[in-house]
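Morning, everyone. Please bring up the model on your screens, and we will walk through it together.

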Amino acid sequence: MRSALRSLRAFAGLAAAVARANLGSARPFKATVVLTERCDCRCEICGIWRKPKAPEPTPDDVARFLRGAPSVRWLNLTGGEIFLRDDVEAVCEAAVAAQPLLAVLDFPTTGQRTERIVAAVDRIARLGVPRFFVTVSVEGPPALHDRLRGREGAFERALTTYAALRGRRDVAAFLGLTLSDRNEGALEATFSALAARLPRFSEREVHVNVATTSGHYYDNLGAGVRKPAAPHAAVRRVLRRRRARLAPTDVLESAYLALVSRHVRTGRSPVPCRSLFTSVFVGGDGVLRPCTVFDRALGRAYERPLDELLATPEAEAARRDVAADRCPGCWSPCEAYQTLLAHLPRLLVER
């Protein structure tokens, strides 16, 4: 009973935050926090693994940030590979203690350390966050995935991890596939490889997105990463499956996919971006920025409350730039999903 009441209050808080966002609120309900820039893959389209390593935030740092960010109801923890840390469970426990009404917790993983990941996920699931998502990255069929990830056997290890998480009651596990010019023609082969290894596989299990470049986060501006030339053909099967359902994740995913082609054609967000209104990004250096792409430093996230940082002239200027579409422009799910939620009528139409 207590757990059900907590979930109800958490979702009510998130729903209220989304409603305020649709009315123009600038109190973010989502935070993306980089826990580490270490990684166990050597990806072609991401340079995080090459970056000089800054001190990593402690569980107390993350808790302090959340206590100073009372509007946050959705926490995305990311890397690098967060399971290279020994204390991911402690970070999540500290986060939930600091924000008991957290409604959504999610993180990606390379899936290379199956036993470590599964044990940690089981422990984190017991914290009782109402919606807990884990995404295992896959970039193509086995040989292509291993080449793009820079690690032999990476595909099979990722699938072993995903198979172990798939179907667990307290966690929603998905596969995440980033489309670029290097794998856009391999979606059918990828689905075939997944279906051969996963009983009752459905394309709905794959979250498809498009490649993003960033200097301060991915450190891949010089990597020659290009977006897929013909994304609609690549996402058609996934979009058809998503549109057939009304679950919240399907509604968001189908609206996102329906707008991918427009983003690739224009290079801009197809919906007015709401970064720094609905969401914030805390980098591996502890610096607050609007998002994963817009390199506008707004202060030290672990040293000052979020509301104070967002009230500065620098933050107000950054919000004006975002609203005027003067940011670099992207359609990364890290920013797109909450942007879509802040445009609910558009979300329901576009899907």
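By class, three nonpolar, three polar and three charged residues line the largest cavity. Here nonpolar covers Ala, Val, Leu, Ile, Met, Phe, Trp, Tyr, Cys and Pro, charged covers Asp, Glu, Lys and Arg, and polar covers the others, Gly among them. The lining residues are Cys43, Glu44, Ile45, Glu139, Leu148, Arg149, Thr178, Ser180 and Asn183.

A word on the model before we go on. It is predicted, so local features need pLDDT of at least 70 and side-chain atom pairs count only at pLDDT 80 or more, while totals for chains, interfaces and linings use all residues. Residues are numbered from 1 along each chain as its sequence is written, and side-chain values use heavy atoms, with hydrogens and water left out.

Now, what is a cavity? On a 1 Å grid over the protein atoms alone, a cavity is a set of points where a 1.4 Å probe fits but cannot get out; a pocket is an open set with protein on both sides within 12 Å along at least five of seven lines; lining residues have an atom within 4 Å of a point. Points are joined across faces, edges and corners, and the volume is the space filled by probe spheres set on them.

How many cavities of 30 Å³ or more does the structure hold? Two.

Helices (H or I, at least four residues) and strands (E, at least two) are DSSP runs, numbered from the N terminus. Which element gives the largest share of the lining? It is β5, with three residues. By class, the pocket lining has six nonpolar, two polar and four charged residues.

On to helix packing. The axes of α9 (residues 248-258) and α13 (residues 333-341) come within 10 Å and cross at roughly 110 degrees. So α9 is roughly perpendicular to α13. Angles under 35 degrees count as roughly parallel, over 145 as roughly antiparallel, 65 to 115 as roughly perpendicular, and the rest as oblique. Axes are lines fitted to C-alpha atoms, for helices over the stretch in contact, and angles run from 0 to 180 degrees between N-to-C directions. Leu252, Glu253, Ala255 and Tyr256 of α9 make the contact (heavy atoms within 4.5 Å). Their partners on α13 are Pro333, Ala336, Tyr337, Leu340 and Leu341. The contact has eight nonpolar, no polar and one charged residues.

Now charges. Side chains of opposite charge can pair when their charged atoms come close. The whole structure has 30 salt bridges (a side-chain nitrogen of Lys or Arg within 4 Å of a carboxyl oxygen of Asp or Glu). One of them joins aspartate 61 and arginine 64, at 2.9 Å, N to O. Both lie in helix α2 (residues 59-67), three residues apart, about one turn of the helix.

Last, the backbone. Glycine 79 and glycine 80 are joined by a cis peptide bond, with omega about 15 degrees. Leucine 276 has a positive phi of about 75 degrees although it is not a glycine.
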